[in-house]
Amino acid sequence: MTEIPATMTAIDPAQPGAEELRPVERPVPKPGPGEYLIQVEAAGVNRPDLMQRMGLYPAPPGAPTILGLEVAGVVVAAGEGADPGPVGRPACALVTGGGYAQYCTAPIGQCLPVPPVLSMTEAAAIPETFFTVWSNLFQRGGAKAGDAVLVHGGTSGIGTTAILLGKLFGLKVIVTAGSAEKCRRALEIGAAEAIDYREQDFVEEVKRVTGGAGVQVVLDMVGGDYLPRNLASLAEEGRHVSIAVQRGAKAEIPIWTVMAKRLTLTGSTLRARSTEFKSALAAELKREVWPHLEAGRLKPVIDSVFPLEQAGEAHRRMESGEHIGKIVLEVGPAAA
């Protein structure tokens, strides 16, 4: 049995600057009812982490102020009512916070086994984007084999995950990206088409590559003035799924377009959803996606890896917009 120390190293910034992401000492959390304690080996970096650091995305009530929404490591303790069987086994988990630390608690339903073919770094790059893409592109967006879908931010963590899962499940994934190099990389990863939004009108390009029909689903993290252009890119009966608002939370909607094409506008956030919802989502991922991970047919795209103490550099890398795929922190062992 692993001896669990009283304190751990964590990243728990009190101020918004990336320079504030310094290691501090915090108490090791105790797993509550229905939770596991994970000794973290790696933690994914996501844009909500940056927003939380800057005070733009407060942690939900009861969530740790320590940053981090996804982890991979070894289960070292089980809370009341949690099956002790997984103790000692590797797991990755979606969490509401606390990932940038040597230990993190996670609801048992949000923990998934780490396939032997994956490293802990790769496993830590999975939960946040896989949960998000599956729930929004496939569940809310209803994407199915043969559909064409438009995904903005094609080389982000969400974008690369959408390409990988889309290709695996028979979608024609069209992405936008901000440079010729990023478009090239998106095509290498598996996108059917990649549009340089700085040089091309994505609405016209979507019409061209779909023969004028449009796409069945738009997965949008841009918002603002992209929304009416997205609607123009949709086919009849198309679905528009909003997951972020990087260009603004307000938009002018051409209602006649919605009516004429019989469009559906939807969207969601993940962090505030119930443990029950996330657990059901995890179960579906385990059933539908995990066999592909276990067989080596699917691996997340990793942009870069930083040690925990360089979390500020990891955030700067994400802020630069130059990353392609996921940024991951590797977490060193705690002293017992």
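1. Let's start with R287: at 52% relative accessibility this residue counts as exposed, where exposed means over 50% relative accessible area, buried under 20% and partly exposed in between, with a 1.4 Å probe and protein chains only. R287 and E288 join their side chains in a salt bridge, 3.2 Å from N to O. (A salt bridge here is a side-chain nitrogen of Lys or Arg within 4 Å of a carboxyl oxygen of Asp or Glu.) E288 is partly exposed, because its relative accessibility is 31%.

2. A word on what you're looking at. This is a predicted model, in which local features need pLDDT of at least 70 and side-chain atom pairs count only at pLDDT 80 or more, while totals for chains, interfaces and linings use all residues. Residues are numbered from 1 along each chain as its sequence is written, and side-chain values use heavy atoms, with hydrogens and water left out.

3. Back to the charges. How many salt bridges does a search of the whole structure find? The count is 19. One of them pairs R184 with E188, whose closest N and O atoms are 2.2 Å apart. Both residues sit in helix α5 (residues 180–189), four residues apart, or about one turn of the helix. Helices (H or I, at least four residues) and strands (E, at least two) are DSSP runs, numbered from the N terminus. R184 has a relative accessible area of 38%, so this residue is partly exposed. The pair also belongs to a network of salt bridges that links E181, R184, R185 and E188.

4. Another pair to look up is R229 with D201, where the closest N and O atoms are 3.6 Å apart. This one links distant parts of the chain: R229 is in helix α7 (residues 226–233), D201 is in the loop between β10 (193–196) and α6 (202–209), and the two are 28 residues apart. Buried or exposed, or something in between? R229 counts as partly exposed at 31% relative accessibility, and D201 is partly exposed with a relative accessible area of 36%.

5. While you're there, check how α6 and α7 pack: their axes are 9 Å apart and the angle is about 15°. The axes are lines fitted to C-alpha atoms, for helices over the stretch in contact, and angles run from 0 to 180 degrees between N-to-C directions. The two helices are therefore roughly parallel to each other; angles under 35 degrees count as roughly parallel, over 145 as roughly antiparallel, 65 to 115 as roughly perpendicular and the rest as oblique.

6. Which residues make the nonpolar surface patch of about 560 Å²? They are I253, I255, W256, M259 and L265. Helix α8 (residues 255–261) gives the largest share of this patch, three residues, while L265 lies in strand β13 (residues 264–267). L265 counts as partly exposed, because its relative accessibility is 36%. For the record, patches take residues with over 30% relative accessible area and no salt bridge, joining like charges within 9 Å and nonpolar side chains (Val, Leu, Ile, Met, Phe, Trp, Tyr) within 5 Å.

7. Last, two distances. V133, in helix α3 (residues 127–140), is buried, with a relative accessible area of 0%. Its C-alpha atom is 27 Å from that of I255, 122 residues apart along the chain. P29 is in the loop between β2 (23–27) and β3 (35–45) and counts as partly exposed at 27% relative accessibility.

Conventions. Accessible areas come from the Shrake-Rupley method with a 1.4 Å probe; for residues, only the protein chains shown count as cover.
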